[in-house]
Amino acid sequence: MARKSATMDPGPDAPAGAVPGLERLPAGPALFAGRRTELAALRAAAARPASGRCPVLVLAGRPGSGRTALAVRFARTCAADFPDGVLFARLSAPDGSRVPPARAARQLLEQLDPEAAVPLPGAAEDGREEPGCVALREALAGRRVLLVLDDVRDAGQLWPLLADESGCLVLATTAGPLTGIEDIDPVILGGLDRRASGELLADLVGGTRISCDPVGAADLAEACGSRPAALRLMAGWLRGNPKVAVADAARELHRAVGEEAAEKPAEKSAEKAAGKSAEKPAEKKAPAERKGTDPEPSAGTGAEPATGTNGWVRPAPEPAGPVPVPDNDPLVGAFTLLHRTLPPVQARMLRTLTLAPAQTADARTASALVGCPAPEAAATLAALAERELLGEEAPAADGTARYRVPGRLHPRLVRLREKEDRPAETELARARLLERLVRLTEAARALLDPTGGPAPDPLPAALRLRSAAHARQWLLGEREVLLGAVADAIGQGDLDGSAGRLVTALLRTLPLAGAAAPADLYRLHELVLTVAERHGRPRRASAALLNLGDLQAAAGRWEQASGHYRAALEHARTAGDEPLCARALEGAAGCHRALGDPVRAADWYGRALGLRQSLGDQAAEARLLARVAEAHTAQRRFEEADREYRAALAVLRRTGDERGREAVAAALADLRERVEGGW
């Protein structure tokens, strides 16, 4: 039975609900030992006077050193000093890939103000000028906010997020040094001291068992490098093997580490003999990255650092890859020992969770991945978390427990999945997940808009969304999971059918959720474009580009919108679809009009007008005649403008559109009055 040591540092946590955003932080381990020196160093650094810009604290340590747990601990102790809230974002995916700063900025913006309109993504020459990064820095002005940025890969991710606001504080965790930002004195995490290691083992395994063999406990801590993650895994292994002496645990760990170190060269030799490359294949880019949705800062590509206008130093080139966990690392050996003792159901669940979007799952998604009832999945997830193999995330808005595969275990679990699970099983698990998300999204749509069509078949009771409020909470809370699932499926390209159904469901449902929908819709239409281009469907590609152009135009980004409309025109011409061509021409003309270029606006409106007239679309013809007249007026070509207005009136008389006639007649009268007045 685990005990609670009196020497454990409980930490002066802020009262629950006192500071907004504390609930977003990972739950962290229930038991926390040691690290008093490191916490004191962080507190002292945070107390230093700010010099007119956002202070940055860096917490550096190898995978498994407990840097995230310590960061969360510190955030909870000082949250009361930041009444405007705590923001949290991960800047590395579990597989070690780099999260672009633009994507992190949009996540932080949504946390800061859920009702704010998140800027649409867009390319920029300087990463600091990406709309999301600019909007985040502007939103932080005048606020006291703590930003916890976990697993930062390089300064190029951090620099665009830093506001010129001394009242804010950034706490960044990283596996290596962050070169390129001034005045940083990182707190380096090594192993726990001997006393803290013993306390942690005693609390996790049982005080009596550890106190009866202090030498064995010290040997085990030394074999683990005194790193919290390895100690926790070995504690889970000891709990599952109550008859094994603590002294034997260190020997078993050394043996497992040696086996792992010997296995890796054998795997490489087998791959070479089979004609496979031992290097990791290049991963397919997510559609958003391929389209330049999340641009990387150009400052990170130069050879020499440069100083920005606000005094921060631009980052040096980013590292080539994530910091690896060596195969002779005690963390890998501890995981191997514990994984061997797992029941088959738990082992399969753990491997399969690497297929979940962002490796984060609750009972709804986990049950779909492994094909079991939701209550059984919830129990398995809880059991894996109890064994220290899953990390507890902040619960969903409806209180559903959520878990995450730790990044330090992700590469090993992927190798195990590829070795032990057949490719057909993996594909089936991914397909089940997509279909589950489709049904949940359709259920949310039916609750949010009961008149929007027939409701889908009801889900099992444990999965069901109970009300419109619950549906909205679920939809907004799981938005990143939903979008990530679609992006993963489309990126791999083997489940376009299921992914397409989920895209359709989200396009129908997300607008019902509120103000954050435009940025999400933009991402979805980009995914539609990817699939359309992949399968050679120019008509669908043109429609997706028109939707992207409309979203950019609604945001007042006319140059980007014009580019989308022009691309849509090319696809529409390939498909031979004249209505789509006319729609693209009219959209591009509107962009030129908004940019103050009446000559080009008149040209593009005129081309759209010719197509609409050939199609017999009189309503569009009247609208375009009025637009051409406006363009002529802006060029001071008053006679041509008068003629086009009169032509529009004639069309509107034929169609019987009285409201349109009144508007065009008023515009014509205003034009004539100004001309007569000497305009």
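Two strands count as paired if DSSP finds at least two bridges between them. Strands (E, at least two residues) and helices (H or I, at least four) are DSSP runs, numbered from the N terminus.

This is a predicted model, in which local features need pLDDT of at least 70 and side-chain atom pairs count only at pLDDT 80 or more, while totals for chains, interfaces and linings use all residues. Residues are numbered from 1 along each chain as its sequence is written, and side-chain values use heavy atoms, with hydrogens and water left out.

**Exercise 1. Work out how the 5-stranded sheet is put together.**

Step 1. Start with the order: this open sheet reads 2-3-4-1-5, and its pairing is parallel.

Step 2. Find the edges. Strand 2 (86–90) and strand 5 (187–188) each pair on one side only.

Step 3. Strand 3 (residues 146–152) runs parallel to strand 2 and is joined to it by 5 bridges. Here Val86 stands opposite Leu146, and Arg90 faces Asp150.

Step 4. Go on to strand 4. Another parallel pair is made by strands 3 and 4, with 5 bridges between them; in this pair, Leu149 stands opposite Ala172.

**Exercise 2. Find the helices that lie across this sheet.**

Step 1. Take helix 1 (residues 36–47). Helix 1 lies across strand 1 (56–60), strand 4 (169–174) and strand 5, at about 165 degrees to strand 1. Such angles run from 0 to 180 degrees between N-to-C directions, with axes as lines fitted to C-alpha atoms, for helices over the stretch in contact. Contact means heavy atoms within 4.5 Å.

Step 2. Now take helix 2 (residues 67–78), which lies across strands 1, 3 and 4 and runs at about 165 degrees to strand 4.

**Exercise 3. Decide whether Val152 is buried or exposed, and list its contacts.**

Step 1. Locate the residue: Val152 lies in strand 3. That strand is mostly covered, with 6 of its 7 residues buried.

Step 2. Apply the cut-offs. Buried means under 20% relative accessible area, exposed over 50%, and partly exposed in between (1.4 Å probe, protein chains only). Val152 has 1% relative accessibility, so this residue counts as buried.

Step 3. Look at its surroundings. Setting aside neighbours within four places in sequence, Val152 is in contact with Leu91, Gln157, Leu158, Ala172, Thr173, Thr174, Ala175 and Leu178. The C-alpha atoms of Val152 and Thr173 are 6.0 Å apart, although 21 residues separate the two along the chain.

**Exercise 4. Describe how helix 25 meets helix 26.**

Step 1. The axes of helix 25 (residues 598–615) and helix 26 (residues 618–634) come within 9 Å and cross at roughly 160 degrees.

Step 2. Name the arrangement. Angles under 35 degrees count as roughly parallel, over 145 as roughly antiparallel, 65 to 115 as roughly perpendicular and the rest as oblique. The crossing angle therefore makes helix 25 roughly antiparallel to helix 26.

Step 3. Look at the residues. Among those making the contact are Tyr605 and Leu609 of helix 25 and Leu624 and Val628 of helix 26.

**Exercise 5. Find the strands at the edges of the 3-stranded sheet.**

Step 1. The order of this open sheet is 6-8-7, with antiparallel pairing.

Step 2. Strand 6 (360–361) and strand 7 (391–392) each have a single partner strand, so one side of each lacks a neighbour in the sheet.

Step 3. Strand 7 is joined to strand 8 (residues 403–404) by 2 bridges, and Glu392 stands opposite Tyr403.
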